[in-house]
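Open the structure in your viewer and keep the selection panel at hand. The stops below say what to select and what is there.

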Amino acid sequence: ARGFAFLSLDPLNQQAKMSIKEKLDRILPLFEKLTTLTRQQLPPDQRDPRLLGVGVLPRGTLFSCFHERHLKEATKLFEILYTAADFDDFIKLATQARDVVNEGLFTYAFSVAVVHRDDCRGVTLPPIQEVFPDRFIPAETINLASKESKIKPTEDIVVEIEDTGNILEPEYKLAYFREDIGINAHHWYFHVVYPANWSTELTGKVKDRKGELFYYMHQQMCARYDCERLSNGLNRMIPFHNFEEKLEGYAPHLTSLVSGLHYASRPQGFSLQDLNDVDVQDMERWRERILEAIDLHKVHDAQNNEIPLDEANGANILGAIIEASSDSPNKG
């Protein structure tokens with residue numbers, strides 16, 4: 001008997017057989033050269049109709065997943081990317097979105113989608129410090145590396161990172177920890193794995209004890225920071241109770257390659273100031289409400305129902321409230 005070989009032309013079947021490397025080869029280019037994109041957007045008539053609701057935050061401006069309006073648009077883009085029909089559709093939408101939305105917003109939403117889509121399982125995101133090095137490395141160092149690379153274009157370049165701060169200040173001893181690239185990259189990645197606006201209804205995936213993990217992660221970072229302080233002959237951190245307290249000065253020496261603007265420094269003796277979206281009085285009121293809830297061992301949801309802060313769920317609920325995530329029982 002003569003054998004026959006059957007070749008499947010089903011695109012879904014072919015996508016299922018794609019290796020992780022093949023998927024990486026299509027995903028990684030979308031993270032490249034994001035700091036050199038122009039502010040010009042893809043014209044609306046050339047976009048997929050699903051992308052018509054995004055592109056509000058201007059390109060060339062700084063994005064923060066802690067800014068309510070920024071996060072709202074990023075969540076919308078994530079939902080569009082997450083619900084793409086298949087891997088090809090996902091890449092097509094992401095490629096167009098890259099030419100429509102803000103650079104930082106795209107990186108965040110695309111990263112969250114890659115981490116959580118089933119057809120991207122096993123795909124590793126590029127280090128965020130390689131996508132946006134300007135957010136981790138002083139402008140002086142980037143400028144020096146750029147000059148060296150032009151002198152020796154065919155060689156690997158090694159430059160020393162320019163230190164920030166004042167060696168006469170005791171807190172300078174901890175600059176190595178506060179400005180550590182790995183620690184700051186970890187903080188970014190945590191919010192990619194545990195997005196504030198995570199929707200179990202959309203994804204069908206439960207982020208178990210997300211609020212508790214939010215608290216635990218930050219508590220562990222503070223505990224490690226205290227250990228580093230003690231190791232350098234400094235006292236442990238002092239809790240920040242008085243929002244009108246004068247703060248020590250700090251200059252990050254960072255310049256955004258996206259906007260071309262310097263990250264603002266904090267003058268010595270500066271204190272918290274009111275912003276358009278939130279003022280210091282709001283923060284004081286929220287803090288008092290949280291402390292009162294802890295003291296009473298209960299919180300109220302949006303319908304004014306009491307929710308106990310017990311051993312089983314208390315830390316999880318408090319973490320969600322402090323993060324102001326979508327899991328917070330009362331977002332008002």
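Which helices do the buried residues of helix 9 pack against? They pack against helix 5 (103-116), helix 6 (128-131), helix 11 (210-231) and helix 13 (314-323). Helices (H or I, at least four residues) and strands (E, at least two) are DSSP runs, numbered from the N terminus.

Before going on, note that this is a predicted model: local features need pLDDT of at least 70, side-chain atom pairs count only at pLDDT 80 or more, and totals for chains, interfaces and linings use all residues. Residues are numbered from 1 along each chain as its sequence is written, and side-chain values use heavy atoms, with hydrogens and water left out.

**Whole protein**

Show everything. The protein has 13 helices and two strands. Its C-alpha atoms fill a box of roughly 85 × 65 × 45 Å, taken along the principal axes. Of the 332 residues, 36% are buried. Buried means under 20% relative accessible area, exposed over 50%, and partly exposed in between (1.4 Å probe, protein chains only). Among contacts with a separation of 6 or more, 65% join residues 24 or more positions apart. Contact means heavy atoms within 4.5 Å.

**Helix 9**

Select 181-193. Helix 9 has 13 residues and spans 18 Å from first C-alpha to last, close to the 18 Å expected at 1.5 Å a residue. The expected span is 1.5 Å times one less than the number of residues. Colour A185, W188, F190, H191, V192 and V193: these are buried.

D180 caps the N-terminal end of helix 9. One of its side-chain oxygens lies 3.0 Å from the backbone nitrogen of G182.

**Helix 3 and L71**

Go to 68-82, which is helix 3. Helix 3 has 15 residues and reaches 21 Å from its first C-alpha to its last, close to the 21 Å expected. Its buried residues include H70, E73, F78 and Y82. What covers the buried residues of helix 3 includes helix 4 (87-98), helix 5 and helix 10.

Centre on L71, in helix 3. Is L71 buried or exposed? L71 is buried, with a relative accessible area of 10%. Leaving aside neighbours within four places in sequence, L71 is in contact with F63, S64, C65, Y108, A196 and N197. The C-alpha atoms of L71 and H241 are separated by 28 Å, and the two residues are 170 apart along the chain.

**Two positive phi angles**

Select K33, in the loop between helix 2 (20-27) and helix 3. Phi of K33 is near 55°, a positive value in a residue other than glycine. K33 is exposed, with a relative accessible area of 66%.

Next, R209. Its place is in the loop between helix 10 (200-203) and helix 11. Phi of R209 is near 55°, again positive in a residue other than glycine. R209 is partly exposed, at a relative accessible area of 29%.

**A nonpolar patch**

Switch to a surface view. Select F240, L272, M283 and W286, which make a nonpolar surface patch of about 340 Å². Finish on L272, in the loop between helix 11 and helix 12 (280-296). L272 is partly exposed, with a relative accessible area of 32%.

Notes:
A polar contact is a pair of N or O atoms within 3.5 Å; within protein, one must be able to donate a hydrogen and the other to accept it, and residues adjacent in sequence count only if both atoms are side-chain atoms. Patches are made of residues with over 30% relative accessible area and no salt bridge: like charges are joined within 9 Å, nonpolar side chains (Val, Leu, Ile, Met, Phe, Trp, Tyr) within 5 Å. Accessible areas come from the Shrake-Rupley method with a 1.4 Å probe; for residues, only the protein chains shown count as cover. A salt bridge is a side-chain nitrogen of Lys or Arg within 4 Å of a carboxyl oxygen of Asp or Glu.
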